[in-house]
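Hi,

Here is the structure I promised to pass on.

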Amino acid sequence: MDSEDEKPRVKDYMTRDVATVSPDDTVEAVARRIADSDDTHSGFPVCDGRHVEGFISARDLLLAEDHDPIFKVMTQDLLVAHPDMKLNDAGRVILRSGIQRLPVVDDAGNLVGIISNADVIRSQIERATPGKVDKLQRTLETIHGIEAREDRREVPLEKLTPTQSRVYADELEGRRYELERGLAEPLVVIDNDGEFLLADGHHRVKAADSLGIEEMDAYVIVIDERVELGMAETARKENLDSIDDIEEVEYAHHPLVETTKRLQDEEA
């Protein structure tokens with residue numbers, strides 16, 4: 001429902017002031033910084049000037065000698081994001097990879113920020129769902145020449161008809177994370193005279209179903225006299241009757257996701 005321009009980007013939520021270490025720092029010095037950080041940092045980007053060379057985590061330090069330089073033990077094949085990448089795509093990479101932070105680099109491979117799983121969750125909570133609902137309601141009223149009203153209530157998942165045929169496995173992990181912590185935003189549902197069409201929230205309902213959740217909070221656009229909606233026709237054509245009909249698929253890396261190793265190879 002959002003246009004591409006309206007979707008939040010990594011640059012909108014990333015932390016710009018990033019603590020880094022040098023490739024020539026010793027294991028002992030970096031281990032001390034991690035220990036003194038009060039769990040603020042589980043690791044650091046390794047930068048030569050501003051250029052990202054790798055990442056060093058507490059795990060990387062475990063078997064290293066105190067005097068070893070960081071460049072010998074750091075992870076070089078590191079996932080990084082671009083500041084113009086959509087935040088949802090960065091979230092998929094973070095959750096799928098099991099990492100907590102994703103360094104953000106510009107086109108030259110220079111560090112410009114870092115995006116964390118907490119930043120992604122914050123962006124989900126801050127999304128202006130009521131605005132999206134109002135826009136959808138006005139669109140329906142204009143196209144079909146009807147009057148609709150907005151309601152807010154719990155909706156049984158078994159009554160929902162999907163209007164999207166597939167969801168991505170890695171984003172489902174994020175939705176489950178949110179649901180388990182009470183952070184998920186409401187669904188958007190159209191009550192077309194008793195036919196409940198799911199307009200927004202397919203990943204959320206699929207994740208909720210996997211967790212045994214039977215009802216979810218929803219913004220409901222109510223149409224008292226049934227009209228022929230395009231999304232209902234789409235559901236019929238794709239044989240979408242229930243949540244079980246939504247296909248779960250894998251998600252390839254976003255084109256703006258690179259690795260430091262690949263960036264370095266291109267420069268060589």
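Val189 has Leu198 in S10 as its bridge partner. That bridge belongs to the antiparallel pairing of S9 (residues 187–192) with S10, which runs over 5 bridges; strands count as paired if DSSP finds at least two bridges between them. The two strands make a hairpin with 2 residues between them, and Asp193 in the turn has a positive phi of about 55°. S10 also pairs with S7 (residues 160–161), this time in the parallel sense over 2 bridges, and there Thr161 has Leu197 of S10 as its bridge partner.

A word on the basis: this is a predicted model, with local features needing pLDDT of at least 70, side-chain atom pairs counting only at pLDDT 80 or more, and totals for chains, interfaces and linings using all residues. Residues are numbered from 1 along each chain as its sequence is written, and side-chain values use heavy atoms, without hydrogens or water. Helices (H or I, at least four residues) and strands (E, at least two) are DSSP runs, numbered from the N terminus.

Now burial, meaning under 20% relative accessible area (1.4 Å probe, protein chains only). S10 (residues 195–200) is largely enclosed by the rest of the structure, because 6 of its 6 residues are buried. Helix H8 (residues 202–210) is largely enclosed too, since 7 of its 9 residues are buried: His202, His203, Arg204, Val205, Lys206, Ala207 and Ala208. What covers them includes S7, S8 (166–168), H7 (169–180), S9, S10 and S11 (215–223). After H8 comes Gly212, with a positive phi near 80°.

Cheers

Notes
Buried < 20%, exposed > 50% of the residue type's maximum accessible area, 1.4 Å probe, protein only. Contact = heavy atoms within 4.5 Å.
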